[in-house]
Amino acid sequence: IKTLRLILGDQLNHQHSWFKEEQENIRYVFMEMRQETDYVVHHIQKVIGFFSAMRNFTEYLRERGHAVIYLKINDKKNKQTLPKNLKQLISEYEIEKFEYQLPDEYRLDGQLKDFCSDLTIETEAYDTEHFLTSREDLANFYKGKKEMTMEYFYRDMRKKYDVLMVNSKDPEGGKWNFDKSNRKKWYGKPEIPHERGFRKDVSALLQEVEKAGIKTFGNIDAEKFNWPTSREDSLSVLNSFCKNLLVHFGDFQDALHTEQAYLFHSRLSFALNTKMLHPKEVIESVICYWRENKDEVDISQVEGFVRQILGWREYMRGIYWKEMPGYRRSNKLDNQNKLPDFYWTANTKMNCLKHSIRQSLDNAYAHHIQRLMITGNYALLTQTHPDEVDAWYLGIYIDAIQWVEITNTRGMSQFADGGIVATKPYVSSGSYINKMSNYCKECHYDVKQKTGENSCPFNSLYWNFLDDKREFFKDNRRMAMMLNMLDKKPEDELFRIKERANAIIQNPEKF
Ligand code: FAD
Ligand code: SF4
């Protein structure tokens, strides 16, 4: 029977069983649509990255004899929404069965379910064959438990997949977690190997996107586009990570630096989230490299990396499907402020924010600690509405897809879920930032001062946040020490702190 199979922009799984079957009467369809480019304002590199990767995957399939329909953004036939395009194609090609892979996003999941329920032809949904857990696994794992600490889920995954285990029973290296050895500041050494980079010319595609009038933000060097957009590229990023960066990945995972946007991070998130790489092959490659190079690479680097993919990534996906759709609206701290305009320009005197935002605008990338402890920290301390924060994170990063963006942003970073993902809010004063970076050295503000015109804004904002949210956190054991310290602050000092913090919150562009 004539079958139409939909492939979404983040379903570029080259190894999917679909492509191994008899292909007679099967047509695949890819669509570049305004529905996807406009649900939030995206970074230009994100739009280019997705469209390039979709086009390359189409080529890959055509070369292997598959029949593919590809609707480009400016095609006359393109009706720009999923249901309208599908309806038209089903009628044009006299399709008798419609098939799709389960979307990772709640919005698309609902849209496709609705679409299928209106169809008179047969429909079928398939797994994407990408994740190591099903949508429901995490909810089942924590059933009846009060807290959903990631650690237990991660250990279970290690056992289930027999990853870094001795006799499938004990953790390799004698412990489950080497996080404590992963907290070094980077002082310019060890040297970070020069990246090869892709330097792809995407000017023609950029022109198409501009012609379509899609609203985007951020910067792009269209002659040197540097993200992997094919399976081959993605494998080369993975190999290069193993060879050059894994050796210090864990050590400098939390480090921040003005001159180094990537440090020892892998930059694999885009290739993973579009499914050009499978998490299992990433984990296996890293472990295989380590086994062959044990005298060079320590297990702590490897465990730190595996934890991110086997632990955090799958955990966030599970939380998403467990908590949506309510999660999208959660704002347990009742934060209401607007995100400052400088998040779109990097025009601020606060050096840590200036560098983290500038790098994000230039590269559509920031590493985890920049997202969590600089931009996220500031947004939470200034009590910004999580909708505003989400829209920024969802737009700016090339790897941002709602299932992993919202759980990290609303959950881990903004504590808007009231403590489902994080057991305490990720907030800090300037001293943490100073400990992990060289930002403060060249900053307009003095990280040591708490109040006064030259004082680091993070210092007053931190104590002000604790004071404002005191009631909310009063029963949180992990906050007891800080609240205790807050209680000991002399009244006049707290008054000055709050005065300074409120001036910043009311007029952030001045700082
Ligand atoms: P590495 O540091 O090299 O880590 C390796 C891989 O581990 C990543 O590629 C990623 O697949 C996985 N990983 C690491 N941390 C996490 C995490 N917390 N959750 C899920 N997977 C993780 N990640 C996204 O993929 N998309 C997002 O939209 C996104 N938004 C974020 C928003 C905030 C506020 C925060 C604090 C984190 C966010 N993250 C997001 C998680 C993390 O910051 C990125 O995955 C990481 O920075 C990507 O860079 P990398 O590939 O160099 O990662
Ligand atoms: Fe950021 Fe404060 Fe350090 Fe400046 S002094 S870089 S504002 S933490």
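Two strands are taken to pair if DSSP finds at least two bridges between them, and the legends below use the term in that sense for a predicted model.

**View 1. Strand β2 pairs with β4 in the parallel sense.** Five bridges link β2, residues 26-31, to β4, residues 67-71, in this part of the predicted model. Within this pairing, Arg-27 stands opposite Ala-67 of β4.

**View 2. Strands β1 and β2 run parallel.** Strand β1, which spans residues 3-6, is joined to β2 by four bridges, and the bridge partner of Leu-4 in β2 is Arg-27.

**View 3. A shell of 27 residues surrounds ligand 1.** The closest of these residues are His-265, Ser-266, Gln-308, Ala-400 and Glu-405. Two or more residues of the shell are given by each of the elements α9 (269-273), α11 (299-323), α13 (368-381) and α15 (402-413), and the largest share, six residues, comes from α15.

**View 4. The shell around ligand 1 draws on domain 2 and domain 3.** Each of these domains, with bounds 137-323 for domain 2 and 341-510 for domain 3, contributes at least three residues to the shell. By residue class, the shell around ligand 1 comprises eleven nonpolar, eleven polar and five charged residues.

**View 5. Confidence of the predicted model.** The protein has an average pLDDT of 97, and 100% of the residues score at least 70, while the scores for the model are ipTM 0.99 and pTM 0.98.

Methods:
Residues are numbered from 1 along each chain as its sequence is written. Chains are lettered from A and ligands numbered from 1 in the order in which they are written. This is a predicted model: local features need pLDDT of at least 70, side-chain atom pairs count only at pLDDT 80 or more; totals for chains, interfaces and linings use all residues. pLDDT is the predictor's confidence in each residue, from 0 to 100. A residue is near a molecule or strand if its C-beta atom, placed from the backbone, lies within 6 Å of it. Ala, Val, Leu, Ile, Met, Phe, Trp, Tyr, Cys and Pro count as nonpolar, Asp, Glu, Lys and Arg as charged, and the others, Gly among them, as polar. Domain bounds come from an automatic or database domain assignment.
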